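Subject: Structure handover

Hello,

I am passing a structure on to you. Please open it first, then read the notes below it.

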Amino acid sequence: MAAVSSSVNLQRCVVSPAGRHSASLIFLHGSGDSGQGLRRWIKQVLNQDLTFQHIKIIYPTAPPRPYTPMKGGISNVWFDRFKISNDCPEHLESIDAMCHVLTNLIHGEVKSGIKKNRILVGGFSMGGCMAMHLAYRSHQDMAGVFALSSFLNKTSAVYQALQQRGGSGSGELPELFQCHGTADQLVLHAWGQETNLKLRSLGVSAQFHSVPGLFHELTAWELELLRSWILTKLPGDM
């Protein structure tokens, strides 16, 4: 299938801030989901919407495309994978195409008056992986990155980009927040831990929170922890 055009206008679900909009959060769903679906899931887990006084939350939806782990079936995924494993090459053509599409989303926020260092990106599962590619390869001046139940492949282009970046004179990298269930059987806890350790070794300030007994899902505890971290990266009254 041809690469996704950078002119694609992603469908999105938006949760407006209660007060003056001074920061933005882009929250990317996992494979096969949608922006609206992720918002509903979070609302179900928290018994309310994830909302902030000053932060707009954008839940975009990945365009449908063939997905190799589903034997070529059409799914809403940010990119293709050869298989769900950390020990195989990345499908860089599809990852890079989506980086261009999501860059347009970031530029839209900047044009509306939100500075890049007041924009945070993250996601669940595949969405977290996409967020790490977007921030650490293309937008190293963002406020931060979060990845819930996510991982990078062992030879990820993210690692290569950070290795080529050079010393500390290149500026500070966005901080990374990770949570991962110890009982996750789809994206192994060890894959998430390995990703965190590798990024730390390449100069990323990173947190990693293990959730005992959690499978490939979200909990209120990790979402509340995430909310607190978001407010440290995007404080109000700016």
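Is phenylalanine 124 buried or exposed? It counts as buried, at 6% relative accessibility. Buried here means under 20% relative accessible area, exposed means over 50%, and partly exposed is in between (1.4 Å probe, protein chains only).

Before the rest, some ground rules. This is a predicted model, in which local features need pLDDT of at least 70 and side-chain atom pairs count only at pLDDT 80 or more, while totals for chains, interfaces and linings use all residues. Residues are numbered from 1 along each chain as its sequence is written, and side-chain values use heavy atoms, with hydrogens and water left out. Helices (H or I, at least four residues) and strands (E, at least two) are DSSP runs, numbered from the N terminus.

Aromatic pairs

A search of the whole structure finds five aromatic pairs. Rings of Phe, Tyr and Trp (its six-membered ring) pair if their centres lie within 6.5 Å; planes under 30 degrees apart are stacked, over 60 edge-to-face, and the rest tilted.

Phenylalanine 124 pairs edge-to-face with tryptophan 41, at 5.0 Å centre to centre and 90 degrees between the planes. Tryptophan 41 lies in helix 1 (residues 35-46) and phenylalanine 124 in strand 6, so the pair ties together parts that are 83 residues apart in sequence. Tryptophan 41 is partly exposed, with a relative accessible area of 22%.

Phenylalanine 151 and tryptophan 191 form a tilted pair: 4.9 Å centre to centre, 55 degrees between the planes. Phenylalanine 151 sits in the loop between strand 7 and helix 4, and tryptophan 191 in helix 5 (residues 189-201), 40 residues apart. Both phenylalanine 151 and tryptophan 191 are buried.

Ring pairs also link Phe27, Tyr59 and Phe146 into a cluster. Lysine 198 lies over the face of tyrosine 159, 5.7 Å from the ring centre. The test for that: NZ of Lys or CZ of Arg is within 6 Å of the ring centre and within 35 degrees of the ring normal.

Helix 2

Helix 2 (residues 92-111) has 20 residues. From first C-alpha to last, helix 2 reaches 28 Å, close to the 28 Å expected at 1.5 Å a residue. The expected span is 1.5 Å times one less than the number of residues. Among the buried residues of helix 2 are Ile95, Met98, Leu102, Leu105 and Glu109. What covers the buried residues includes strand 1 (12-15), strand 3 (55-60) and helix 3 (126-138). Just after helix 2, glycine 113 takes a positive phi of about 110 degrees.

Salt bridges

The whole structure holds seven salt bridges, each a side-chain nitrogen of Lys or Arg within 4 Å of a carboxyl oxygen of Asp or Glu.

One joins lysine 56 and glutamate 109 (3.1 Å, N to O). This pair links distant parts of the chain, with lysine 56 in strand 3 and glutamate 109 in helix 2, 53 residues apart. Lysine 56 is buried at 18% relative accessibility. Glutamate 109 is buried at 6%.

Another joins aspartate 80 and arginine 65 (3.9 Å, N to O). Aspartate 80 lies in the loop between strand 5 (73-76) and helix 2 and arginine 65 in strand 4, so the pair ties together parts that are 15 residues apart in sequence. Both residues, aspartate 80 and arginine 65, are buried.

Cores

The largest nonpolar core has 40 residues. A nonpolar core is a set of buried Ala, Val, Leu, Ile, Met, Phe, Trp, Tyr and Cys residues joined through side-chain atoms within 4.5 Å. Those with the most contacts inside it include Trp78, Leu102 and Leu199. Helix 3 gives the most to this core, with eight residues. Apart from it lies another core, of 26 residues, among them Ala23, Leu46, Leu148 and Trp229.

Helix 6

Leucine 231 is in helix 6. At 36% relative accessibility, leucine 231 counts as partly exposed. Not counting residues up to four places away in sequence, leucine 231 touches Phe52, His54 and Ile55; contact means heavy atoms within 4.5 Å. Leucine 231 and phenylalanine 52 are 179 residues apart in sequence, and 8.8 Å apart in space, C-alpha to C-alpha.

Over to you.
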